Amino acid sequence: MLQSASASSASLKRKLSDRDSTSSTVDTAASSSKKAKSVSTGTPLKPSQTNSATLVFQSPSNACPEYPNGWTYCHQCCKKRDLSATIQCTWLEARTTGKSTVPKQRRCISKYCKPCLQNRYGEDLETWLSNRKWEEGHVENVGYTFAAETYATARAAESPRGWNPSGMSTRVVASAQADHLRRTMKKAPESAPVKKEKQTKDKSASAQPKKRVRKSKPKVLPSVKWTHIASALSQSEVEERMNIREFVLRFNELSDCGLSKPHLEELEQINGKYNGQDGHDPTSWVSDACAKSVILMLLENRHADIAKTSEVAVKNMRNIGFSLSKVYSTLLEWQESVIETTETSSSSDDVSNDSFSIAEPLPPSEHFFAQARRSTRTMTSTLPNSVAIHSSAQLIPVILSLIDLTLQMASIREALEEGPKTTREISRQAREALKLEGERWDVVKKQQEQAKDKAFFQEAKRLHRDIVAALERSSDIAQSESLQRFAPLGSDSEGRVFYALSPGNAEREAAYEFTDLLAGDLPNNARLKKKGRTLKPEEREDLYDWSWMILVWGKKPPSAFTPTKEDEDSDVEMDEDADAWWCFHEPEDIKKLAEWLVIDNDLEEKEEKGSNSKAASLSPEQASLKQLVSSLKDFGSLLEWRSRDDKYRLPNTNLKSASASAKSKAK
């Protein structure tokens, strides 16, 4: 037993002596441990640590048939790689190990494989291995100099050192990005920090986190539904009908022969009652009675010099029925009488004969001739020596010429001049109503603080919001009556023109009544006599009333889709490159249309760039597009409110009785 123990002890001593005999020192240690704490140059390195070329190469212990040169793990990808296809960092690190406080220099153990150097950093392994220039702070006699700390994407090095990762580069773009990566990466520090100093830096870095810049993702164009409408009408034909409708609504109250409510609502049907469907004329307009009422209204707004002549024409026109041919013949007689009167009158210097000329009517449509071939009675029903008027659409040029004449009247000019004043008065009245509603709401909140009735408070709060919204929308509707002229909302960068008709007469009267009622002393038994007009969703889908939709003239964008109806002929194909009329009758579709304009024209990015710099400003085209988007959003919100059945609400007795009962319970 003793003999074997001594033998093992002797062999151990021989191994230790052999290892110590082959070691070489880089730096000499201090003779005293106490002095080494203050002045220490580190523990000498061994040849195995320096990879000295004078050593005899020995096959590594982990050599195998798959890796005859040995293997190691890559510091970047953590994969097993052949030693001959890797490179080890030559940087000397000063670290303390164990309980010893003496810093020792040790070569960095980080190794990088050839694919990671090529793909991640755009570097070549053979180029680095042939770099025999020695730098201070690196191991000597290795044959190359390589600093792993230069590459900050290493998983173990990027976070504690506070370096930003460079990201992944492919083989195709690695060579092109190599220069950029070198400029963005930080160089290795001049002296290696001690581990304790690292920890303090980490704490300070964590105390001040870096702000991340969030990059906005590219937005996708929303899928907007474009509904085709009025396929047989051009842009000018629809604009003429829109102008007639807006003029009649604006000045109908000034005439003693004003249109009735059914005829005013009929003017919203720009393409007729059936939009040219079910075998009707695709260019149809209003009924014959409505067209006659418009002409009577325009004749009544007459000049002082032709008052008697116009009275005779109005009287004769009322007695001829609804024959449009007779109506036009009466207008021709009136024109001749006016010309004679103005020639003999001396007070008509400001009115010329040319201003009383009536335009010629349009010829009958192709649909009429197709129907006339089937019935000879239609062709022979006209009067002798007269122009045949078979539809109201033929009289549109005639009505436009009468409007031009009416604009010269003094009453019309005074109404136009009073427009801005009327708008200010409506705004003042709406502000007064909002102020009174705010005072009423303050009383309700105080009652809630005493009664603490949550159900009553929530219902009263909802009612208050509805009243405020109704006052704001009523002000917008009422101000549409004092507009100076009708014009499109705007146009986009591709030439599409956007239109929106003003609300009808019934909605204007309801808006006036609601604002007047809330702006004054509100009685307890107050009731609304006029609640306006509300179209149900199925009525809006018929596309008859054009004041409940947004109209667009132009080409359909490629990203849009067009719904098809079951009764439409699938064989009829529409030319995608031709301009046409499109409509949007749902509030959601209108809001999507506004969003589509913003994304398609990059308005958000331009606004952000303009907000960062004070000198930046939008161009006239961008400003008009921004105004168009705002108008579309406002119309969509207004249409959503107009579609509600309970849009006009008053503080009723139910809420007041509930507050009284809640107050009595609190006492």
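The structure is a predicted model, in which local features need pLDDT of at least 70 and side-chain atom pairs count only at pLDDT 80 or more, while totals for chains, interfaces and linings use all residues. Residues are numbered from 1 along each chain as its sequence is written, and side-chain values use heavy atoms, with hydrogens and water left out.

With a salt bridge taken as a side-chain nitrogen of Lys or Arg within 4 Å of a carboxyl oxygen of Asp or Glu, the count comes to 23 salt bridges. One of them joins the side chains of glutamate 268 and arginine 533, at 3.3 Å from N to O. Glutamate 268 sits in the loop between α10 (261–266) and α11 (288–300), and arginine 533 in the loop between α20 (505–519) and α21 (537–541), so this pair ties together parts that are 265 residues apart in sequence. Helices (H or I, at least four residues) and strands (E, at least two) are DSSP runs, numbered from the N terminus. Both partners, glutamate 268 and arginine 533, are buried, where buried means under 20% relative accessible area, exposed over 50%, and partly exposed in between (1.4 Å probe, protein chains only).

Because arginine 644 lies in the loop between α24 (620–642) and α25 (653–666) and aspartate 466 in helix α19, the pair ties together parts that are 178 residues apart in sequence. Arginine 644 counts as partly exposed at 27% relative accessibility, whereas aspartate 466 is buried at 13%.

Aromatic side chains come next. Rings of Phe, Tyr and Trp (its six-membered ring) pair if their centres lie within 6.5 Å, with planes under 30 degrees apart counted as stacked, over 60 as edge-to-face and the rest as tilted. The count by this rule is 13 aromatic pairs. For tryptophan 71 and tyrosine 73, the ring centres are 5.5 Å apart and the planes stand at 80°, so the pair is edge-to-face. Tryptophan 71 is partly exposed, at 25% relative accessible area, as is tyrosine 73, at 48%. Tyrosine 112 and phenylalanine 146 also form an edge-to-face pair, with 6.0 Å centre to centre and 70° between the planes. Since tyrosine 112 lies in strand β6 (residues 111–113) and phenylalanine 146 in the loop between α5 (125–129) and α6 (155–158), this pair ties together parts that are 34 residues apart in sequence. Tyrosine 112 counts as buried at 1% relative accessibility, and phenylalanine 146 is buried at 0%. Elsewhere, Trp226, Trp582, Phe584 and Trp596 form one aromatic cluster.

Two rings also carry a charge over them (NZ of Lys or CZ of Arg within 6 Å of the ring centre and within 35 degrees of the ring normal). The charged end of lysine 80 sits over the ring of tryptophan 71, 4.5 Å from its centre, and that of arginine 642 sits over the ring of tryptophan 548, at 4.1 Å.

Alanine 230, in the loop between β7 (227–229) and α9 (235–251), has a positive phi near 50° although not a glycine, and counts as buried at 8% relative accessibility. Leucine 543 has a positive phi of about 65° and is placed in the loop between α21 and β10 (550–554); at 5% relative accessibility, leucine 543 counts as buried.

Finally, the cores. A nonpolar core is a set of buried Ala, Val, Leu, Ile, Met, Phe, Trp, Tyr and Cys residues joined through side-chain atoms within 4.5 Å. The largest has 43 residues, and those with the most contacts inside it are Ile295 and Trp334. The largest share of this core, 8 residues, comes from α11. A second, separate core of 25 residues includes Trp226, Ala500, Phe584 and Ile590.
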